[in-house]
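Here is a short tour of one protein model, written for someone who likes to know the cut-offs behind each term. Please keep the viewer open as you read.

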Amino acid sequence: MPQQGQLEIISPSGQIEFHPLEVARGVTNIGSHPDNDVVLDSAGIEPFHILLDHQERPYRIMLLCESKDTMLDGQPLASNIFREMHDWDTIELDGYTIVLLEQEA
């Protein structure tokens with residue numbers, strides 16, 4: 001399946017994983033619930049924490065909960081408002097770091 005890029009996910013312990021962003025799917029859900037595309041097992045992460053819309057550029061990210069500790073490039077994310085996300089932008093939440101790696105068009 002074609003990919004638009006990937007997420008580099010760095011756990012609090014330093015373990016690195018990559019999650020492909022699938023073109024056909026268009027969105028990636030991140031949270032602690034097993035129904036998410038990216039499951040992060042941590043007490044400070046909500047069941048459905050973040051939505052990443054990667055249907056078109058610029059990509060957009062939305063915080064789905066009330067969390068003052070979720071950052072996009074060092075700035076707090078407001079809940080229920082889409083923000084643009086670009087290549088190498090970084091999300092920080094509860095010790096996890098997620099880096100957007102866009103594939104060249």
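## About the model

This is a predicted model, in which local features need pLDDT of at least 70 and side-chain atom pairs count only at pLDDT 80 or more, while totals for chains, interfaces and linings use all residues. Residues are numbered from 1 along each chain as its sequence is written, and side-chain values use heavy atoms, with hydrogens and water left out.

## The open sheet

Five strands make up an open sheet with mixed pairing, in the order β4-β3-β5-β6-β9. Strands here are DSSP runs of E with at least two residues, numbered from the N terminus, and two of them pair if DSSP finds at least two bridges between them. At the edges sit β4 (38-39) and β9 (83-85), each of which pairs on one side only.

Strand β3 (residues 27-31) runs parallel to β4, and two bridges join them. If you zoom in on this pairing, you will find Gly31 opposite Val39 of β4.

## Three salt bridges

The structure holds three salt bridges, each defined as a side-chain nitrogen of Lys or Arg within 4 Å of a carboxyl oxygen of Asp or Glu. For their surroundings, buried means under 20% relative accessible area, exposed over 50% and partly exposed in between, using a 1.4 Å probe and protein chains only.

Asp37 pairs with Arg25, with the closest N and O atoms 2.9 Å apart. This pair links distant parts of the chain, twelve residues apart: Asp37 is in the loop between β3 and β4, and Arg25 in the loop between β2 (16-22) and β3. Asp37 is partly exposed at 26% relative accessibility, and Arg25 is also partly exposed, at 43%. Glu102 forms a salt bridge with Arg57, where the closest N and O atoms are 2.4 Å apart. Glu102 belongs to strand β11 (residues 96-102) and Arg57 to the loop between β5 (50-53) and β6 (59-63), so this pair ties together parts that are 45 residues apart in sequence. Glu102 counts as buried at 17%, whereas Arg57 is partly exposed at 40%. In the salt bridge between Arg60 and Asp53, the closest N and O atoms are 3.2 Å apart; Arg60 is partly exposed at 33% and Asp53 is buried at 10%.

## A buried serine in a loop

Ser67 is found in the loop between β6 and β7 (71-72). With a relative accessible area of 16%, Ser67 counts as buried.

The side chains of Ser67 and Thr70 are joined by a polar contact of 3.0 Å (a pair of N or O atoms within 3.5 Å; within protein, one must be able to donate a hydrogen and the other to accept it, and residues adjacent in sequence count only if both atoms are side-chain atoms). Leaving aside residues up to four places away in sequence, Ser67 touches His49 and Leu77, where contact means heavy atoms within 4.5 Å.

## The largest pocket

The largest pocket has about 170 Å³ of space. A pocket is an open set of points on a 1 Å grid over the protein atoms alone, where a 1.4 Å probe fits, with protein on both sides within 12 Å along at least five of seven lines; lining residues have an atom within 4 Å of a point. Grid points are joined across faces, edges and corners, and the volume is the space filled by probe spheres set on them.

Of the 13 lining residues, Ile9, Glu17, Val39, Leu40 and Tyr96 are the closest to the centre of this pocket. The elements giving two or more residues to the lining are β1 (3-10), β2 and β4, and β2 provides the largest share, three residues.

Methods: Helix = DSSP H or I, 4+ residues; strand = E, 2+ residues; numbered from the N terminus.
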